[in-house]
Amino acid sequence: IDESTTIILSLKKALGLFEKPYPDPKNPLISTIGSAQDQQVSLDIARESVTLLKNNGILPLKAGANVLVTGPAANSLCALNGGWSIHWQGCVDSELTYGTTILKGINSLSTGKVVFIEGCNFTDCYELQAIQDASKKVDVAVIAVGEAPEAETPGDISDLTLSASQLNLISTIVSSGTPVIVVLVEARPRILPNITNISALLMAYLPSSNGGQAIAEILYGKVNPSGKLPFTYPQFSGDVGVPYYHKFSDEGATFPLFNFGFGLSYTSFAYSNLTLSKTTATITPEVKMLKRFQKILLYPNESTVVRFLLTSTDLSFIGLDDTPVVEPGEFTIRFVNFLFNFPLWGKLQLKETKYFFKC
């Protein structure tokens, strides 16, 4: 406790918070909050973050498709922002001075007929008959579900399963035979018991006020989805104890719906010429561990060389004496579906040896 407290207090001292504990109300940066530049950055982040988890070929949508838009997050700016937005437990839409809901974003890109029926809120259904009737008259249904804005203790739940009202909404439309696209607007992974009959699944997280524009652009192919899951998406509640970097002894102990780092695209990529500058490294005891990530822009039929630099520190792990160590054995570098294996023997030391990896 003393060590942790010392770190916190040292940081506060370094920031000068003991001398000036409150922010300057005349700080010129305050007036830039919510500026056009801020909004553009927020929109670009949403475009790159939204993650396509499933697509049976229905996406991207054709502009002329007739669309039913429904769900409690479909026409809500506050749902896109979550908790700690203006207030502790989130805001009401009238308090936000700008933004694009998912419905507004779809309307801006669609040349077909767009029908909006909310269908349910996060706890209750009240328009299921209207939903059922409308779903039979459109080409596709976009259902925006998730959870209401929340923070801290009031947001605690004992079950990650999506609320019964939203599951009922999804099943009602699925039963009509209309293709279903589910957009998840949530601060944590909520469980969908069955995604077999869902044509496409989009993880939007909390994409902020302009998130509706980013989501619509991805749905209609104006933006190619490139987001990757920053966590392991569980298949059922309770299956959250084993992270992606688990040890070999934990293999088979978890059954995620989607693995850490998963994310689809509208583009097909090919990888080749995997090389490693050296075969002197060590292994960690985990099955896998993310060490490097790089996002690049490629135009159709374009190729590039990607290089990663690994050091011996990247290949170490914490030993029995609570200090970083390296050990001999077999090391595997994985890049997408490429594997590079090599054995290491002899006494190894933890030093900043560099290993260049390219493909």
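# Helix H7 and its surroundings

Colleague: What do the buried residues of H7 pack against?
Modeller: They pack against H2, H3, H4, E4, E5 and E6. Helices (H or I, at least four residues) and strands (E, at least two) are DSSP runs numbered from the N terminus, and contact means heavy atoms within 4.5 Å.

Colleague: Where do these values come from?
Modeller: This is a predicted model, with local features needing pLDDT of at least 70 and side-chain atom pairs counting only at pLDDT 80 or more, while totals for chains, interfaces and linings use all residues. Residues are numbered from 1 along each chain as its sequence is written, and side-chain values use heavy atoms, leaving out hydrogens and water.

Colleague: How many residues of H7 are buried?
Modeller: Eight of its nine, so the helix is mostly covered. Buried means under 20% relative accessible area, exposed means over 50%, and partly exposed lies in between (1.4 Å probe, protein chains only).

Colleague: Which ones are they?
Modeller: Gly 211, Gly 212, Ala 214, Ile 215, Ala 216, Glu 217, Ile 218 and Leu 219. After the helix comes Gly 221, with a positive phi near 80°.

Colleague: Back to H2. At what angle do H2 and H7 pack?
Modeller: About 40°, with the axes 8 Å apart; H2 covers residues 36–49. Axes are lines fitted to C-alpha atoms, for helices over the stretch in contact, and angles run from 0 to 180 degrees between N-to-C directions. The two helices are therefore oblique to each other; under 35 degrees would count as roughly parallel, over 145 as roughly antiparallel, and 65 to 115 as roughly perpendicular, with the rest oblique.

Colleague: Which residues meet there?
Modeller: From H2, Leu 43, Ala 46 and Arg 47; from H7, Gly 211, Gln 213, Ala 214, Glu 217 and Ile 218.

Colleague: Now the core. Which residues touch the most other members of the largest nonpolar core?
Modeller: Ile 102, Ile 106, Ile 181, Val 183, Leu 202, Ile 215 and Leu 219, out of 34 residues. A nonpolar core is a set of buried Ala, Val, Leu, Ile, Met, Phe, Trp, Tyr and Cys residues joined through side-chain atoms within 4.5 Å. Elements giving two or more residues to this core include helix H4 (102–109), strand E6 (200–205) and helix H7 (211–219).

Colleague: What is Leu 202 in contact with?
Modeller: Apart from neighbours within four places in sequence, Leu 202 is in contact with residues including Val 50, Leu 52, Val 183, Ile 215 and Leu 219.

Colleague: Last one: is Ile 7 buried or exposed?
Modeller: Exposed, at 58% relative accessibility. Ile 7 sits in helix H1 (residues 2–14).
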